[in-house]
Amino acid sequence: FHERAIKTNPNFSLAHYNLGNALFEKADFESAIRCYQNAIRLNPNYADAYANMGDALMKQFLRAEAVQCYRNALRLHSTSTGLRCSLADALASLGKYAEALQHYDIALSQNLADFDSLSGKALVHERQGRPEAALELLDAHAIRQTGHVRLATAFAKISRKVKRNDDAILWLRKLLNSKETLERQRFQLHFSLGVLFDAVGEYDSAFENFRRGNALKRVSDDPAFYTREMDVLTGIYTAEFMKSAPRAAHGSDRPVFIVGMPRSGTTLAEQILASHPSVFGAGELETINRIMASLPRRISGSLSFPECLRGLKREHVEAAAREYLHCLEQLSPDAARVTDKMPHNFLALGFIELMFPNARVVHCVRDPMDTCLSIYSNYDFNANHGYAFDLTCLGAYYRRYRALMEHWQRILRIPILELRYEDLVADQEAKSRELVAFCGLEWDNRCLRFYQTERIANTPSYDQVRQPIYTKSVGRWKHYERHLEPLRRALDQGDIHR
């Protein structure tokens with residue numbers, strides 16, 4: 001319907017906006033963003049299009065771009081507490097906590113019953129290591145507002161640190177039993193409840209909630225649906241291609257790419273390196289993703305990625321490298337090394353070598369059962385990580401990722417250090433020294449006290465890197481062993497080294 005309306009009148013901004021909303025509901029966020037952009041091009045003061053584009057960008061983890069969209073929307077509707085809360089949420093996701101708190105406070109001054117902003121403010125306090133302050137904000141409303149899902153999940157997150165697990169479990173169960181709770185809200189409730197049951201050692205109840213939460217997010221049950229991209233990459237990036245492909249000539253060795261599956265120790269590796277005075281920890285940069293998405297336009301305009309790489313020229317590689325280095329310059333002009341810990345950059349290592357022949361790659365590896373269970377039990381993954389919601393798909397994806405990494409090891413010249421999580425927690429100093437030396441740096445004892453380093457880690461592991469090394473996460477999968485047979489079977493179809 002909306003497409004027909006656009007064909008009839010291509011300048012009808014509302015039709016572009018409505019098509020964007022329809023695509024958003026189908027989780028096709030990239031297409032939705034293009035529709036919102038068209039609506040804004042036709043109507044530069046389209047506040048709702050800016051706001052919804054911000055939501056779509058957040059789904060794509062393009063947080064900085066989302067912030068700008070929310071700012072534009074708020075400029076047009078300055079009294080909207082919902083927009084202000086969305087802006088504050090996006091700022092908080094970037095670690096800009098002081099500014100986020102300012103916007104939460106403005107929203108609450110306009111509406112004391114804005115429980116979304118109250119929840120957001122409490123979660124910022126929790127991320128800042130102030131759970132008691134967070135609890136003080138929420139506790140007065142915990143009983144009166146039993147139907148507010150975000151308030152409940154925020155309370156659940158904080159409850160583990162203030163010994164209120166039982167209260168949180170009771171609240172979440174009430175919401176799950178309520179007919180008024182929307183289907184799209186239930187997945188987060190199940191994950192929150194699963195985490196609480198895990199914390200108190202009720203592993204069967206925890207897994208059942210993880211299973212239900214994942215079932216509500218599942219995109220496809222076909223493992224091949226998630227591994228095709230890697231199959232195509234190995235077909236394009238052959239040894240012959242890498243021998244003849246153009247490389248950038250700038251010689252920069254500033255970037256250090258920390259890659260691996262999510263939940264494999266990438267945040268810990270970055271925190272150790274970022275504790276060195278010569279290193280800036282940039283976190284999960286979207287820059288490589290944006291560069292890769294732009295390659296078809298840069299190279300051919302007709303062929304899609306990665307087929308377009310067959311027309312790659314040095315000028316394309318040089319331009320991409322300049323764009324990435326400009327990003328690093330904006331983040332930290334003085335650091336000798338800048339880490340980019342976007343885990344899925346393992347998909348882009350072939351092109352990364354062409355841009356940065358002198359860069360280094362740290363490949364974080366963790367026991368596959370622990371890695372996959374940790375992914376499966378975490379609700380932060382979106383449709384871009386559709387493999388995360390099914391144990392069989394998870395196992396197949398992990399198996400294919402390891403095969404791709406072995407492929408890179410065979411054909412790339414760029415140095416790749418494999419850092420095993422279990423080895424790091426067993427012998428912190430030796431593995432930390434190896435990591436620092438690999439990056440071409442002199443040892444600094446601050447790398448052993450990484451948990452004292454004042455920096456923002458905006459990943460699900462943000463709380464772990466505030467603590468000294470611990471081993472309780474090693475072998476965690478054994479608590480859930482009787483539920484993980486589909487995962488084990490999927491992993492055992494390939495040569496996965498445990």
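**Figure 1. Arg 263 in the loop between β1 and α16.** Arg 263 is found in the loop that runs between β1 (255–259) and α16 (266–274); helices (H or I, at least four residues) and strands (E, at least two) are DSSP runs, numbered from the N terminus. The view is taken from a predicted model, in which local features need pLDDT of at least 70 and side-chain atom pairs count only at pLDDT 80 or more, while totals for chains, interfaces and linings use all residues. Residues are numbered from 1 along each chain as its sequence is written, and side-chain values use heavy atoms, with hydrogens and water left out. Although Arg 263 is not a glycine, its phi is positive, at about 70°. Most residues other than glycine have a negative phi, and most peptide bonds are trans. Arg 263 counts as buried because its relative accessibility is 17% (buried means under 20% relative accessible area, exposed over 50%, partly exposed in between; 1.4 Å probe, protein chains only).

Figure 2. With a relative accessible area of 5%, Ser 374 is buried. Its contacts (heavy atoms within 4.5 Å) are with Arg 263, Arg 366 and Arg 476, leaving aside neighbours within four places in sequence. The Arg 263 of this contact list is the loop residue between β1 and α16.

**Figure 3. Ala 27 and its backbone.** In the loop between α2 (13–25) and α3 (29–42) lies Ala 27. Its phi is near 65°, a positive value in a residue other than glycine. Ala 27 counts as partly exposed, at 35% relative accessibility.

**Figure 4. The cis peptide bond between Phe 305 and Pro 306.** Omega of this bond is about 5°. Pro 306 is located in the loop between α17 (287–299) and α18 (314–331).

**Figure 5. Packing of helix α7 against helix α8.** Helices α7 (residues 97–110) and α8 (residues 115–127) pack at an angle of about 155°, and their axes are 9 Å apart. Axes are lines fitted to C-alpha atoms, for helices over the stretch in contact, and angles run from 0 to 180 degrees between N-to-C directions. The two helices are therefore roughly antiparallel to each other (angles under 35 degrees count as roughly parallel, over 145 as roughly antiparallel, 65 to 115 as roughly perpendicular and the rest as oblique). The crossing of α7 with α8 is left-handed, a term used if the near helix is turned anticlockwise from the far one by less than a right angle, with clockwise giving right-handed. On the α7 side, the contact is made by Tyr 97, Leu 101, Tyr 104, Asp 105, Ala 107 and Leu 108. From α8 come Ser 117, Leu 118, Gly 120, Lys 121, Val 124, His 125 and Arg 127. By class, this contact of α7 with α8 comprises seven nonpolar, three polar and three charged residues (Ala, Val, Leu, Ile, Met, Phe, Trp, Tyr, Cys and Pro count as nonpolar, Asp, Glu, Lys and Arg as charged, and the others, Gly among them, as polar).

**Figure 6. Packing of helix α6 against helix α8.** Helix α6 (residues 81–93) packs on α8 at an angle of about 15°, with the axes 9 Å apart. That angle makes α6 roughly parallel to α8. The crossing of α6 and α8 is left-handed. In α6, Thr 81, Cys 85, Asp 89 and Ala 92 meet Asp 116, Ser 117, Gly 120 and Val 124 of α8. The residues of this contact of α6 with α8 divide into three nonpolar, three polar and two charged.

Figure 7. A disulfide is a covalent bond between the sulfur atoms of two cysteines; the criterion applied is a pair of cysteine sulfur atoms within 2.5 Å. Cys 327 is buried, with a relative accessible area of 17%. Cys 393 is buried, at a relative accessible area of 1%.

**Figure 8. Arg 400 in helix α21.** Helix α21 (residues 391–411) contains Arg 400. Arg 400 counts as buried, at 17% relative accessibility. Not counting residues up to four places away in sequence, Arg 400 touches Thr 227, Met 230, Asp 231 and Thr 234.
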